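Reader: I would like to go through the assignments made for this model. For each one, please set the value against the cut-off it has to meet.

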Amino acid sequence: MAKDIPDPSRREYERLQRVHAELLAEQSSLRAELADLLADTPSPRELALEYERDAEANPQERAQLLNEAAAHWAMAGDPDRARRLYRASIADGGPVTGDARVWYATFLIEFGAEEEGDQLLNTVFAEGSADPAVYEVVGEQYEERGELDRALQWFDAGLARLRLASGEIRSAPDEYRLAHGRARVRRISGLPEDIDDSWAASAAQESQRTVSGDPTPPQLSIFYFPPTEFDLALTHWPTLRERWPNHDQHRADVADALRIHAATGTPAKIASASVSGLVEYAAAHHADPADSHTRATYAAELLRTGAAITWPPGRNEPCWCGSGSKYKKCCGKPQ
């Protein structure tokens, strides 16, 4: 017969059971709150309709807004409506981030109209573009399809146009991304390394040394609430609205900070935070979770523990912001 559990051990066991029950209850509550927030998150269809309404109300931005509406109709599973709106965006002739024809062509290719999409991209290539991101996006599109010769053609052309416009100084982020994509395609194709491939490799190594602290510039992390966590944070700390009236502003501020740090040679990572994690950290350090200093030190803690996210992600990887879209179709779209 087993001996009875000593009183101190029994009390500790009972205490742990209570703590476990409390944590389960808190988890259940957070799941319920998250479900409510997800229910309130606009669907791609709802966002597409909103972009269409905005396009009618803002003639100066009509082309851009129609382009956004088209992308969301494609996500909503209505490619016919997406096609009509892409065409309307091009016909409008107004400014569109990047080239409206490129976004339409990538849509066509994605939805099976490869020949039509390729013809449109051939037209864009023949005319040329002043936006380096156009060459990166299309180069990666052909790389995904395994058409490495055409991918290399776009990467080469993008580098040549960029250098023609800005000289031979190898420092611009656009030049590095094009050179890196070009080197990747050449490596897959089995081509020997050339001077641009070598430069892209050395630039990547230098960036890694900067981020890892060798040599030792300060490592940085930018605090960020994903969409559902942002909404939850506002319910807990309404004063956050004074700094970020909505999540779009919060995301834009983080994106600006990331670009600024990258341009100044101190690349930052993203400390993607949860409300529960921030609350737990603040409680452990006797701090106010609504205070900006607490958020900053929590971001530093996420970096220290390896939980921060590297920026930028690959263009075909999920966007860092939590939208669920590919980076190249979200925060990585040409600005």
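Reader: Leaving aside neighbours within four places in sequence, which residues is Asn 67 in contact with?

Author: This is a predicted model. In it, Asn 67 is in contact with Tyr 86, Ser 89, Val 96, Ala 100, Trp 103 and Lys 333, leaving aside neighbours within four places in sequence. Asn 67 itself is found in helix 3.

Reader: Why is Asn 67 called buried?

Author: Buried means under 20% relative accessible area. Asn 67 has a relative accessible area of 1%, so Asn 67 is buried.

Reader: What makes helix 5 mostly covered?

Author: Of the 11 residues in helix 5 (residues 100–110), 10 are buried. Among them are Arg 101, Trp 103, Tyr 104, Thr 106 and Phe 107. The cover over the buried residues includes helix 3 (62–75), helix 4, helix 6 (114–127) and helix 7 (132–144).

Reader: What is found at the start of helix 5, and what follows the helix?

Author: At the start, a side-chain oxygen of Asp 99 reaches to within 2.8 Å of the backbone nitrogen of Arg 101. The cut-off for a polar contact is 3.5 Å between N or O atoms, so this pair meets the distance condition. Helix 5 is followed by Gly 112, which has a positive phi, near 95°.

Reader: Which residues of the largest nonpolar core touch the most other members?

Author: That core has 44 residues, and the ones touching the most other members are Tyr 86, Val 102, Phe 107, Leu 121, Val 138 and Trp 154. Not counting residues up to four places away in sequence, Val 138 touches Val 102, Leu 121 and Trp 154. A second, separate core of 17 residues includes Phe 230, Leu 234, Leu 240 and Ala 299.

Reader: Why are helix 13 and helix 14 called roughly perpendicular?

Author: The axes of helix 13 (residues 275–284) and helix 14 (residues 292–304) cross at roughly 100° and come within 10 Å. Angles of 65 to 115 degrees count as roughly perpendicular, and the two helices are therefore given that description. Helix 13 makes the contact through Gly 277, Leu 278, Tyr 281 and Ala 282, and helix 14 through residues including Thr 294, Arg 295, Tyr 298 and Glu 301.

Reader: Where in the protein chain is confidence lowest, and where is it highest?

Author: The mean pLDDT is lowest in helix 10 (residues 195–212), at 64, and highest in helix 4 (residues 79–92), at 95. Over residues 208–218 the pLDDT is below 50, and this stretch has 10 contacts in the model beyond near neighbours in sequence. For the protein chain the mean is 82, with 85% of residues reaching 70 or more.

Technical notes
Residues are numbered from 1 along each chain as its sequence is written. This is a predicted model: local features need pLDDT of at least 70, side-chain atom pairs count only at pLDDT 80 or more; totals for chains, interfaces and linings use all residues. Side-chain values use heavy atoms; hydrogens and water are left out. pLDDT is the predictor's confidence in each residue, from 0 to 100. Helices (H or I, at least four residues) and strands (E, at least two) are DSSP runs, numbered from the N terminus. Contact means heavy atoms within 4.5 Å. A nonpolar core is a set of buried Ala, Val, Leu, Ile, Met, Phe, Trp, Tyr and Cys residues joined through side-chain atoms within 4.5 Å. Buried means under 20% relative accessible area, exposed over 50%, partly exposed in between (1.4 Å probe, protein chains only). A polar contact is a pair of N or O atoms within 3.5 Å; within protein, one must be able to donate a hydrogen and the other to accept it, and residues adjacent in sequence count only if both atoms are side-chain atoms. Axes are lines fitted to C-alpha atoms, for helices over the stretch in contact, and angles run from 0 to 180 degrees between N-to-C directions. Angles under 35 degrees count as roughly parallel, over 145 as roughly antiparallel, 65 to 115 as roughly perpendicular and the rest as oblique.
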